[in-house]
Amino acid sequence: MNMSRHHRLLARAALLPVSLLSAAELFRDDFSRFAPGLLSQPMGQLNGAIQEYHYIEHRGVRTFPWRNPIVHTDHWAAGDELGKTYLEQHQAADDARYMPLFVTGDNEWADYAVEAKVRPLSLEGERGIVFRYRTSRHYYAFVFSGKDTVRLFLRLPFDKGFRTSDYRELGRAKFAFETTRYYTMRVENDGPRIRASIDGKAVLEASDSDVLKGQAGLIGNRPARFTDFQVSASEAVHAAFRKRAAAREAEFVKLRAANPKPKLWRKFDTPQFGAGRNVRFGDLDGDGRIDMLIGQNVPKFRGDAFDQISCLTAVTLDGKVIWRQGRPNPENGLLTNDTPFQIRDIDGDGKNEVVLVRDFQLQVLEGSTGKLRQKTWLPKALPNNKDEIPFDFNNGDSIVFVDRDMLLKDRYNGFWVYGPDLDLKWEGRGQTGHYPYPIDLDGDGKQEFVIGYALWNSQRKMLWSHDAAMKDHADAISMGNFTGREGEAPRAYICGSDEGLVVIGRDGKIIRQQRIGHTQTQSVGKYRPEMPGLQLMVANFWRNPGIVTLFDPDGNILAQDEMVPGSTHLAPVNWRGDGQEFALLSGNVREGGMIDGQLRRVVMFPDDGHPDLAYHVANLTGDERDEIVVWDQKRVWIYTQDRPFTGGKIYKPVRNPDHNESNYRANVSLPPR
C-alpha cells in the first residue's frame, strides 16, 4: 500500500513498547497490544457488504500497524496462554478462493527473514506465515498442511477459471506436528532464493522471482495460534530499504505539493436524519444550486434485498432543511444495497421532482415541498435471486432513467419501464445485475442500455445477451469508445463479480475477460494523460477486498495494488482542471485520498476531524473543478481547492447524470464534447 506515513512509523513508536528494535530488525510483535477477544465484530443484519461503498477503518479493534485484508470476515482474536500473549485464527475457512490473512510492513521490504511461533489447533487445513505479500491474491506462504506436511507456495493473481484460484507449489516435505506446542517457522529470502525452516532445521528450499519484495504476516484457514512475530534483515539490506522508502516519501511530498490541497468550504450537521451512502444530489428548491436529499431506510425481511425508504430529508448545502417526508431515526442510516429514488425534472417544466418507490408504489414528489403528486402500484413481485417472494408487490431495487423513461429493476430477474406519466410501457427479464448503463450507441437520439450482460434498445428488443453463460451477477457497467481511436465501436465493460472484468464488443462478442477476483466497482477517466483514450479503474471486494486495478480500454492491466480496507467508488475527480483526473479512495486521512494513474496517493485530506464514511464528487463552486462532499450519519463537510485555477482552458469533463445515481454505477468521466 502506498502509505508513506504508515511505513515511516511502522518500526518506531508503534512497536517500541513490545521490544526495542536493533538496527537490522524491521518489525517485532508479540500481540500484547491487543486485549483478549475478537479483533473485529460481525455486522449482524448490516453484513460485510457495508464496506462495498462505505469507508470503515476497522470493525472493532484498531489493528494498525497490522491489517486484516479480508475485512468482511471475523477470523482473528487475541488471547493469553499461560501468561503468553498470542493472536489466533479461530475459524474454519472452507472457501478455497481465499485464506484468512493478517499482514504488516512495506511493499519495499526485500531480502528479509520472517519468523513466528505457530501452534496448530487442528490437524486439518493450513496455517503459517506469508512473505513477499503484494495483495491478498498475490503472495508467498510457508504453511503446515494437513497433519504431516509442510509446503511452500505462491498465490497467483489470476484465477484459472470461474471461482478457481491458481497457485504455484514450490515445494513440500513430510513433517508430522502436534497441536499441543508451538513451532518456530522461519523463511529467509535472498533475491529469488527462499529457505524455510522449523525450529532451526531446514525443511524446504526453492527459487522463484515472481515477486521479490513485499509485506509479511500470518495465514491460516483452520484454527491456530501465533506469537513472537518478527522480521529482520542485514544492516546493508535495512539501509537499502530506508533509502528506497525515503525516495518514495520525497516523491510523495513533491507530487502532493504540485496539487491543490483540500480546503474546507462548508460543513453542517444532520441530527437524527443523517445516513450513509444513501444520498442524491440535485436542485430541489429551484434556486439553481445543488441540494442534498438524504434517505433513511429499514432493511426488512433480510438485510439487502427488501429495504424500504422510511424517511427523506431535503437539505441545502448550507444545512437548511427544505422539507422532510417520514420520521427520522438515526438507527436507519446505513444500508448494504441500492434504494430506488432519484431527482429529475420528469415533466419538462424546468423544476425537479423526486421519483421513488415507497410502500410498493412508484411515486412522484414535488421537488420543492416533498408533496405527493402522482403514484401507481408496482407490478407483482418476481422471485429474487434466492427465490424469495416475501411481498405480493414488487419492492423495487433501483431506478435508472433511459431517455425520459424510468426503468425500475428488481434484484436480479426483471425490469419495468415507465413513462413520465407513470404508465407501464413494457418490461423485460434477464440477469439484471445491480445497475444498468444507458447510452445512445447509434446516434438516433434514443438510448440503448446494458443491463446485466445484455444490450437492449428502446424498441423493447434484446440485441444480445450473455446472461445465461455468466455465473455471477453484473456489478458496475460502462459502455463507450474509450480507446481514443476515432470510429472505434463502443464496448461494454462489465464488473462481473467473480467473473472478473468482462469486455464485450458492440456486436455482442466477448473481447476480453480478466479473472482478477470479485470485481465490484468501476470508474472511467483520464488517469494517464500521456496515453491515448481513457483508462478504467476497478476495485475488488468479496474475498479479496481493496485491490485496485488500472486497465487500458483493451483490457490490459497497467497497474495493480491493494489500496483500501474494503472497496471504493473510485470516483473520478477533476481536481487540477488541467485534464488529468484522479480517483478518490475515501476521505480518510491515512488510507484515503486521491490516486493518480500510477496508483500513488497524490492528494491527502487534512487531519481536522472530518467524517469519512461516504463521499460524493461534484462541481459545486462553479469553476468546473470538482468539490468533495464527505459525510457520515451526523454531519456533512465539503472541500474545495486551496488555490485558484491558473492554467489556460479549464478541463470540463462530461459525467454520469445526477439523476442516475447508484451505489453500484460505474462512474464515467468523458472528455468535453
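A residue counts as buried when its relative accessible area is under 20% and as exposed when that area is over 50%, with partly exposed in between. The views below come from a predicted model.

**View 1. Asp632 and Arg635 are joined by a salt bridge.** The side chains of these two residues meet with a nitrogen-to-oxygen distance of 3.3 Å. Asp632 has a relative accessible area of 15%, and it is therefore classed as buried.

**View 2. Arg302 and Glu388 form a salt bridge between distant parts of the chain.** The two side chains meet at 2.7 Å, taken from N to O. Arg302 sits in the loop between β18 (291-299) and β19 (307-316), whereas Glu388 sits in the loop between β24 (372-377) and β25 (398-402), and the two residues are 86 residues apart. Both Arg302 and Glu388 are buried.

**View 3. Arg543 and Asp498 meet in a salt bridge.** Here the N to O distance between the side chains is 3.0 Å. Arg543 belongs to the loop between β38 (535-540) and β39 (547-551), and Asp498 belongs to the loop between β34 (491-495) and β35 (501-505), so the pair ties together parts of the chain that lie 45 residues apart in sequence. Arg543 is buried, and Asp498 is buried as well.

**View 4. The structure as a whole holds 60 salt bridges.** The salt bridge shown in View 1, between Asp632 and Arg635, is one example. Elsewhere, salt bridges with shared partners join Asp95, Arg97, Arg163, Asp472, Asp498 and Arg543 into one network.

Methods: Residues are numbered from 1 along each chain as its sequence is written. This is a predicted model: local features need pLDDT of at least 70, side-chain atom pairs count only at pLDDT 80 or more; totals for chains, interfaces and linings use all residues. Side-chain values use heavy atoms; hydrogens and water are left out. A salt bridge is a side-chain nitrogen of Lys or Arg within 4 Å of a carboxyl oxygen of Asp or Glu. Helices (H or I, at least four residues) and strands (E, at least two) are DSSP runs, numbered from the N terminus. Buried means under 20% relative accessible area, exposed over 50%, partly exposed in between (1.4 Å probe, protein chains only).
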